[in-house]
Amino acid sequence: MKSVNLYIPLLLLLFLAGACGTKKSDGASGALSDDALLDTVQRRTFNYFWDGAEPNSGLARERIHMDGVYPENDQNVVTSGGSGFGIMAVLAGIHRGYVTREEGLARMERIVSFLETADRFHGAYPHWWYGDTGRVKPFGQKDNGGDLVETAFIMQALLAVHQYYAGGNPQEKALAARIDKLWREVDWNFYRQGDQNVLYWHWSLNTAGRWTSPCTATTSASSCTSLPPPRLRMACPPPYTTKVGRRTAPSSARIR
């Protein structure tokens, strides 16, 4: 998924399925109350990522075939960016009590354990992994290494989990510390390709043409400019810039 727009049809389907399967709160008008609508959307989204997760990693599958038939043998392929959405949905479910806090923590620990050993490239995650092994599955010829945008999606979710557990019990604090370590290990400077004042989207494993385009000022790509603060001492001059066509424009996210 290279754009958030690809997730919109999924969310719409989840909403429609929930709306059709939930009792109406207003018998006269047949309309859901605001609280019932929000609960329906959150529950259906949570169920998709909780029940549909790849079992070894706990992460979001790239695709789920309801008939169980996978012609490309990709049932265990998981997506890093999509898992960012999934982690946020699970976190909301934990807070809403859809599962117990202990069950939610166990799922988050499984996810973090996978991310600690799965393929990374200068700290950044690939677009896809094989969920049973943690090895990279190439998304394309020039997208078989680090993907900074997809990394940003999952890191943003992990930082939310960090904040949720940072003030908790010893086991929860330990998980928060592990997440902090993963975030700090992303070498954002490397993805500036020679100390340019711009972040590059991909680093490929190919010997030729290892770099692809810079992160452009789009909804998805601009997300990666807000994560590496200067206190990490990576000498990233504020503000980062993202390239738009032939012009260079400052990102909306300044690093302070």
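Colleague: Is Phe139 buried or exposed, or something in between?

Modeller: Phe139 is partly exposed, at 33% relative accessibility; buried means under 20% relative accessible area, exposed over 50%, and partly exposed in between (1.4 Å probe, protein chains only). This is a predicted model: local features need pLDDT of at least 70, side-chain atom pairs count only at pLDDT 80 or more, and totals for chains, interfaces and linings use all residues. Residues are numbered from 1 along each chain as its sequence is written, and side-chain values use heavy atoms, with hydrogens and water left out.

Colleague: How many aromatic pairs are there?

Modeller: The search of the whole structure finds 11 aromatic pairs. Rings of Phe, Tyr and Trp (its six-membered ring) pair if their centres lie within 6.5 Å; planes under 30 degrees apart count as stacked, over 60 as edge-to-face and the rest as tilted. Trp128 and Phe139 form an edge-to-face pair, 4.8 Å centre to centre with 65 degrees between the planes.

Colleague: And Trp128, buried or exposed?

Modeller: Trp128 is buried, with a relative accessible area of 10%.

Colleague: What about Phe190 and Tyr191?

Modeller: They form an edge-to-face pair, 5.3 Å centre to centre and 80 degrees between the planes. Phe190 is partly exposed at 22% relative accessibility, whereas Tyr191 is buried at 0% relative accessible area.

Colleague: Which residues do ring pairs link into a cluster?

Modeller: Phe121, Phe190, Tyr191 and Trp203 are linked in this way.

Colleague: Changing topic, what lies over the face of Trp50?

Modeller: Arg107 does, at 4.0 Å from the ring centre. A charge sits over a ring if NZ of Lys or CZ of Arg is within 6 Å of the ring centre and within 35 degrees of the ring normal.
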